[in-house]
Amino acid sequence: MSQAGARPESESVGTVVVAGAANLAIAVAKLIAGLISGSAAMLSEAAHSVADTTTEVLLFQALRRGARPADQRHPFGYGKESYVWAFFAAMFTFVAGAGFAVTHGVTTILVHEHSGDFLISYVVLAVSFVIESISLARAVRQVRRESRRWETTPRRFLRLTADTTVKAVFLEDSAALVGLLLAGLGVGLSHATGDELWDGVASILIGLLLLTVAGILASNNLSLLVGRAVPDRLRREIERELAGLPEVERIDTLLTMQLGPDDILVAAKVDFRDEATGAQIEAAADEAERRLTDRYPEIRFVFLDPTRSLPGATGGARDTQARPSPDAGGDPAPS
């Protein structure tokens with residue numbers, strides 16, 4: 001799982017900015033169309049785009065705040081703050097976007113009000129679909145590049161990446177396209193049948209779609225805030241790098257943690273050969289850090305604790321992270 005190339009922060013910023021600009025333009029168009037047509041699905045889509053625009057602002061804040069350098073009060077940096085802002089973004093989508101869509105859909109089903117002007121809805125939906133597709137295409141390109149860099153599949157990259165910004169943009173843009181299709185179907189069926197039930201149902205489905213996306217992103221950010229380990233394959237490769245040093249007898253314990261989207265901490269209890277001198281142990285520790293940071297630029301901190309193995313200990317490192325969580329899965333994936 002070799003790595004090469006520049007760190008992805010600038011690309012993530014570009015992806016977020018493009019998505020935010022697209023969502024802002026679309027939100028205005030949908031709002032105008034929704035107010036003129038009276039369509040619940042169009043107004044729900046407007047709320048969807050407003051929520052997405054606000055989310056992009058919060059994700060931009062996450063990238064900016066999380067990238068601040070370490071200082072005396074925060075020696076490991078501010079990477080985890082990016083997960084706080086990303087969690088706020090997920091909650092805003094949950095409350096503002098989904099809440100409005102479901103509520104307005106139910107109201108439309110009960111009241112059955114619609115102005116009957118459908119043409120503007122069709123035009124805005126078509127233009128919005130094109131713009132959202134452009135934004136999603138950029139996110140897809142970044143996902144594919146990053147998955148190739150980590151020698152894994154795009155699906156696994158999205159499931160396990162600690163870069164919550166690109167994950168959020170990809171999921172939100174994908175949900176936006178599905179939402180547009182639902183809105184178009186609801187408006188079309190209401191137009192064809194004269195029954196506003198379909199418009200209201202489409203609005204409710206858009207709300208449920210937003211609830212799903214918000215739940216996935218919130219759960220992912222909470223896991224990273226608590227202190228998630230790197231995926232199993234990366235952990236095994238780190239262990240192999242450490243165990244490959246001539247002075248190392250075995251790795252007794254290996255712990256890892258995501259400090260931020262591109263910051264990893266590695267801590268290990270290492271049993272060095274009994275005949276190794278203090279100078280050799282120091283040189284081995286320096287070499288271990290050099291190997292790991294050269295191969296994995298995301299690794300920022302490496303702490304090795306010389307220790308004697310437990311009596312009768314054999315095999316690889318004792319792993320307190322042995323049982324993967326549902327969002328770890330044990331699959332090859334990026335950090």
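**Entry 1**

I started at D263, which counts as buried because its relative accessibility is 13%, under the 20% cut-off. This is a predicted model, so I kept that in mind throughout. I then looked for what D263 pairs with, and found its side chain meeting that of R300 in a salt bridge, 3.3 Å from N to O. R300 sits in strand β3 (residues 299-306) and D263 in strand β2, so this pair ties together parts 37 residues apart in sequence.

**Entry 1: confidence**

The chain averages 84, and 87% of the residues score at least 70. I noted that strand β2 (residues 263-272) has the highest confidence, with a mean of 94, while helix α1 (residues 9-37) has the lowest, at 80. Residues 1-8 fall below 50, though I still see 27 contacts for this stretch in the model beyond near neighbours in sequence. Residues 322-333 are also below 50, with 23 such contacts.

**Entry 2: the overall layout**

I went through the secondary structure and got nine helices and three strands. Reading from the N terminus, I wrote the order down as α-α-α-α-α-α-α-α-β-β-α-β. Of the 335 residues, 48% are buried. I also looked at contacts between residues at least 6 apart in sequence: 81% of these join residues at least 24 apart. The accessible surface comes to about 15000 Å², and carbon and sulfur atoms hold 64% of that.

How many salt bridges does the structure hold? I got 15. I picked out a few to look at by hand.

E239 bridges to R235, with the closest N and O atoms 3.5 Å apart. The two are four residues apart in helix α8 (residues 232-243), which means about one helical turn separates them.

E241 pairs with R295, and here the closest N and O atoms are 2.9 Å apart. E241 is in helix α8 and R295 in helix α9 (residues 278-295), so this bridge ties together parts 54 residues apart in sequence. R295 has a relative accessible area of 27%, so I put R295 down as partly exposed.

I also found a network of salt bridges that links E287, R290, R291 and D294.

**Entry 3: helix α6**

I checked α6 (residues 164-193) for length. Its 30 residues reach 42 Å from first C-alpha to last, close to the 44 Å expected at 1.5 Å a residue. G194 follows α6, and I read a positive phi there, near 75 degrees.

Is T165 buried or exposed? T165 lies in α6, and at 3% relative accessibility I count T165 as buried. Leaving out residues up to four places away in sequence, I listed what T165 touches: S12, V16, L59 and L63.

**Entry 4: a nonpolar patch**

Last, I looked at the surface. L24, V28, I32 and I36 form a nonpolar patch there, with about 350 Å² of accessible area together. I36 lies in helix α1, and its relative accessibility is 41%, so I36 goes down as partly exposed.

Key:
Residues numbered from 1 in each chain as written. Heavy atoms only, no water. pLDDT = per-residue confidence, 0-100. Contact = heavy atoms within 4.5 Å. Expected span 1.5 Å × (residues − 1). Buried < 20%, exposed > 50% of the residue type's maximum accessible area, 1.4 Å probe, protein only. Areas by Shrake-Rupley, 256 points an atom, 1.4 Å probe, with all protein chains shown as cover. Patch = residues over 30% accessible without salt bridge, like charges linked within 9 Å, V, L, I, M, F, W, Y side chains within 5 Å. Salt bridge = Lys/Arg side-chain N within 4 Å of Asp/Glu carboxyl O.
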